[in-house]
Amino acid sequence: MTSNSTGRFLPALRDSDAWHKFKGSPLTIGAAIIALLMISSALLSPLIAPHDPFDPRAIDLMNSLIPPAWHEDGQSSFLLGTDDQGRDLLSAILYGTRTSIIVGFVSVGAAVLLGLVAGLLAGYLGGFIDGFIMRVVDIQMTFPSIMVALLIDGISRSLLPREQHDQLALVVIILALSLSIWPQVARTVRASTMVEKNREYVQAARVIGRPAGIIMVKHILPNVMGPVLVIATINFGVAILGEATLSFLGVGIPASEPSLGTLIRIGNNFLFSGERWIVLYPGLTLALLVLAINLLGDWLRDVLDPKLR
Amino acid sequence: MKKRSVLAALTGLLLCASASMSSAETLRFAAQGDINSLDPYVFDETFTTGFLGNMYEGLIRRDADLKIQPALAESWEMVEPTRWRFKLRQGVKFHDGSPFTADDVLFSAGRVRANGSDLKNRLSNDTKVVKIDDYTVDFITKTPNPIIMYQWGNWYMMSKSWAEKNGDKGPQKGGGESESYSTLHENGTGPFVLKLREPGIRTTMEANKDWWNAAKAESNVTEVVFTPIPNSATRVAALLSGQMDVIMPVPLQDIERLKASGSTQAIIGPELRTIYIVMDQFRDELVYSNVKGKNPLKDRRVREALYRAIDIEALKSKVMRNMATPSALMVAPGIHGSSPDFKRIPFDIQKSKALLAEAGYPDGFEIGLDCSNDRYVNDEAICLAIANMFSKVNIKVKVTAQTKTKFFQKVHAPYLDFSLSMLGSTPPSYDSWGPINSLHECPRLTPQSAVWAEEDRMKVTAGKSNNGGYCNPEVDRLAAEILAETDQEKRDALIRKVWTITTDDIAYLPIHQQWLSWGVRNNVELKQRADDVFDWRYVNIKK
Amino acid sequence: MASFILRRLIQSGIVLLAVAMIAFLMFRFIGDPVSQMVGQETTLAERAELREKLGLNDPVPVQFLRFVGRAATGNFGISYQMGQPVDRLLAERLPATLELSVFAMIIACLIGVPLGVYTGLHPKRWLSRLFLVVSLIGISLPTFFTGIMLILVFGVELGLLSTFGRGETTQIGWWTTGLLSVSGWKSIIMPAFTLGLFQMTFIMRLIRSEMMEVMRTDFIKFARARGISEGKINFGHALRNTLVPVMTIVGMQLGSIIAFGIITESVFQWPGVGLLFLQAISTADIPIMSTYLLLVAVLFVAINLTVDLLYYVIDPRLRADNVARGA
């Protein structure tokens, strides 16, 4: 992995312990392979999907509710069957996974960035800034992500011109999710920063008059990245699930270009009827994806969590 | 397994533990939402007024086939073209024991037109209500009104003395300064009496032993427990697990599952509601389209092209699972003035493309379609399917499906923020006049002003739901004639004329009449009204 | 200490005000309450009149100040949809939510703690690995999906448990409880399990890592050297030492369970405040939404305040900012 890296990030990953632990756990290897496979096939979906589920002209209502190919009434052109609109489920899942992964990645990335800055500032500077940031965190934690989603949706709709509303849903979901994740990052970073800043090396840097910004970025940041990486991984799964939940609550990605969450929300209607495949396969995909990521998160935690070393 | 579920059902019986066990027949039912208020004048919405119709009664009532029947009035006659005389039923008592008399009718006539009432259109402001004696009331209208009682099926009589005793300040919607007594209490004359009300959770009623028609009661239900369950899956599960006797509605795809369970079934039938697509025909440029400088929907050829692009049979069989009746008209069969003579413009992609080319759009165009996703049966799926159908004639549709709160605000006046939108409606009087007046008359104050002129939007009365701004002066003229015509045959001819003109103009794209589907346990007998009202008078629970 | 508490109390007050203000800013955007209060036939003029009467035409700051002014006197307004005072509606439903949350937490602890201890003591055993993976599967599905699957299996197919609601409840003073009836117990198990699933995994993993850490400390090694039995070490010393951080975090999680049980309450039609809030969103019932958010804010502020105070007392390192300021 990063054995020859000279950077200061993730010192833990550099020692052979991480790689050793990785090799020693078939579960982690399996998870990594699954995650890699899913992510790459999702990103390549326009190339490998048998149909284009986003092109309405290619969708025929008369093809709706065809069961998976191995069923009696199945058709080989629709391997996992079709949904209620006649959309090929396999293609929809591939495209949907891509959307979900983008949502997870971007929202967690934004949350980590925001949380890092806020947490570092709060933990290092303390005093008024700490109080202020932590109260903002308190306020943020009060609002369920559905309220945040509705708020952002409403505000952006009234501010942006109509032509730009089309792509809005994705942005709204990402913002809502990252807003509901960043407080956790900020709290963790703040706590670690408070511990780190009393360590001798930071004290020493302060004594020789290094500016606070440099100290934060060069000395403290690398040392709080471990827990942040763990939180980020776990929240990647949480964000993907959160997208599905927001969809269930009615503020999701539109059904014409569905995400995994939207597919599950629609498929949910067919849970009691015979057409369970509509929800089964998107559900399995989601569960497998999140599970793989969580297992990787576990491994990261084992490797990076100072408590366990 | 069966025994277990019965056991679970028994233990799940809510609140009935203390009731007299031997003869008690409890009806447990669930619906999508709760009623807003027990005050029957506060919210004019089918479920609420229908629900309250089990506790309250009007002068007339609609029976299971929606025929007008005497209720608190025994008979009525038109003594003059502008004067209706109603003879009241004697010996009727409100639930608090006070007798029902003409004074209560006068009081109710005042209250239903009072500020805050949502049912003001039941009785126009210039109608005089005169007490002749304790059991005779006259309604004097300004112009002849042959259908005055058509909308009275859910105008319920309230007690004057009860209202006065409890400091009633008239119908009050929520959100005011204080709560209103009639929001949480009822005092009707009907077959059921409120026992316990927990808003949003559970409402319990019991049979009224002193009901004037108790001797002829058709129901053996002694107690009704109502639970609102908005989540469809949870609602269906409650029926399947034996914790509910009746649920409404059942998602269409779950009907087979109910049948397969062996102990439940679905009762289905056409509803009076018509689902249709509204087209913005009044703006000079569409707000959601790539066509600039003109409005393609003003062109009848484009409207016809859209009409012809809809594969109504596929929609019916696939999305609606055959539980829909394709519509050619804006009024469903069962509504007065509807006729099977009107036929849909056939589905024809080639013709549709040709029409678009003729109108100057050989390559189609882009347009937005607004929909609800929690209001009508499979509303979102219908919109997606229609969008896919339109794409086959190169009209690229962007579907915006939202929850009803946001959807209605967006597409109705004053915003009218849509280009295409899907709506549904049921005429409250079960007569064509309602939809002609509100959906087809020109929404403007004077024949000179612009359609949906910004400054007049709040004042529009005729055509107030005509969101697309369809406007044909001939229709307006005929509408005025229909209103005044007392001769039934002539009136019917006028109505027919209007429907001929509006379908020819393609004022709307009618889709279908959605079907009702209620889930019931096999031991429950009931009658399903086509307006989706659940009348407990017809419920029998067998052992 | 006193000044710390005072400062935090003032900050908490500001947080509550900010929550209320943001809430009012957002209400403009979530839909039109009036369209949910009137029938199709109501004229636009009447709608406008109602809007005026509800004060929806006033500028947001005015609406906000009016709400705060009233709330300060204990008047939270009348629900648009239900026509009842909001504080009463919330008070009626709070017991259901609290009961569910505490029950969920108990289930989470009852399963999570033993599994955590086991996997912490024997990290290499295959059973431990199995527990870890299975616990992850439970949280790899969206809550609503898990809930509906549980309903399908235990409610519909097996007919063992109640699929919705709280069952028969008993009134004790202002409190209602479902735990005194069979139907009440049958009703609470599935939603509590669904709600507690995430916490269960969380607690199990927390205990596991704490256990693994404690077992490596000198203090345990000494105990071993002194010949104290393994059982006594594991439960008497090790577990006891892990419980302090676990309790803290469990306490903090209780807040989020109560606040975000919305989905579970919706799937199981559990008549708690979360369900009320969700219904309020769908009908844009502003008085209910604002009061609910305020309630949740109070809850979070109280829990955070307690935790911070505990830290302040227990861990002097975290007091450093104070010291620095003093110096």
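A salt bridge is a side-chain nitrogen of Lys or Arg within 4 Å of a carboxyl oxygen of Asp or Glu. With that in hand, welcome to a set of close-up views of a predicted model.

**View 1. A salt bridge links Arg89(B) with Glu74(B).** Between these two side chains the N to O distance is 3.9 Å. Arg89(B) sits in the loop between β5 (83-88) and α3 (102-112) of chain B, while Glu74(B) belongs to strand β4 (residues 73-80) of chain B, so the pair ties together parts that are 15 residues apart in sequence. Arg89(B) is buried, with a relative accessible area of 16%, whereas Glu74(B) is partly exposed at 44%.

**View 2. Arg308(B) and Glu304(B) pair within one helix.** Here the closest N and O atoms of the salt bridge are 2.8 Å apart. Both residues lie in helix α8 (residues 300-309) of chain B, four residues apart, which is about one turn of the helix. An α-helix has 3.6 residues a turn, so residues three or four places apart point the same way. Arg308(B) is buried, at 11% relative accessibility, and Glu304(B) is buried too, at 9%.

**View 3. Glu525(B) reaches Lys542(B) in a salt bridge.** The closest N and O atoms are 3.7 Å apart in this pair. Since Glu525(B) lies in strand β18 (residues 524-525) of chain B and Lys542(B) in the segment after β19 (540-541) of chain B, the bridge ties together parts that are 17 residues apart in sequence. Glu525(B) is partly exposed at 39% relative accessibility, and Lys542(B) is partly exposed at 41%. Elsewhere in the chain, Glu57(B), Arg61(B), Asp535(B) and Arg537(B) form one network through salt bridges that share partners.

**View 4. Strands β8(B) and β9(B) form a hairpin.** Strand β8 (residues 192-198) and strand β9 (residues 202-207) of chain B run antiparallel and are joined by six bridges. Follow Arg197(B) across and you meet its bridge partner in β9(B), Thr203(B). Three residues lie between the two strands, and Gly200(B) in the turn has a positive phi of about 80°. β9(B) also pairs with strand β10 (residues 223-228) of chain B, in the antiparallel sense, over four bridges. In that pairing, Met205(B) has Val224(B) as its bridge partner.

**View 5. Helix α6(B) is mostly covered.** Eight of the nine residues in this helix (residues 232-240) of chain B are buried, among them Ala233(B), Val236(B) and Leu240(B). Asn231(B) caps the N-terminal end, with a side-chain oxygen 3.1 Å from the backbone nitrogen of Ala233(B). After the helix comes Gly242(B), whose phi is positive, near 80°.

**View 6. Chain C meets chain B.** In this interface, 55 residues of chain C are in contact with 58 residues of chain B. About 4800 Å² is buried between the two chains, and carbon and sulfur atoms give 53% of that area. On the chain C side, Glu41(C), Leu44(C) and Phe164(C) lose the most area to chain B, together 15% of what that side buries. Three salt bridges are counted between the chains; look for Lys120(B) and Glu46(C), whose side chains meet in a salt bridge at 2.5 Å, N to O. There are also 17 residue pairs in polar contact. Helix α2(C) provides the largest share of the chain C side, six residues. By type, the residues of that side divide into 23 nonpolar, 23 polar and nine charged.

Key:
Residues numbered from 1 in each chain as written. Chains lettered and ligands numbered in written order. Predicted model: local features only at pLDDT ≥ 70, side-chain atom pairs only at ≥ 80, totals over all residues. Heavy atoms only, no water. Buried < 20%, exposed > 50% of the residue type's maximum accessible area, 1.4 Å probe, protein only. Pairing = 2+ DSSP bridges. Polar contact = N/O pair within 3.5 Å; in protein donor to acceptor, adjacent residues only side chain to side chain. Contact = heavy atoms within 4.5 Å. Buried area = accessible area lost by both parts, 1.4 Å probe. Nonpolar A, V, L, I, M, F, W, Y, C, P; charged D, E, K, R; others polar.
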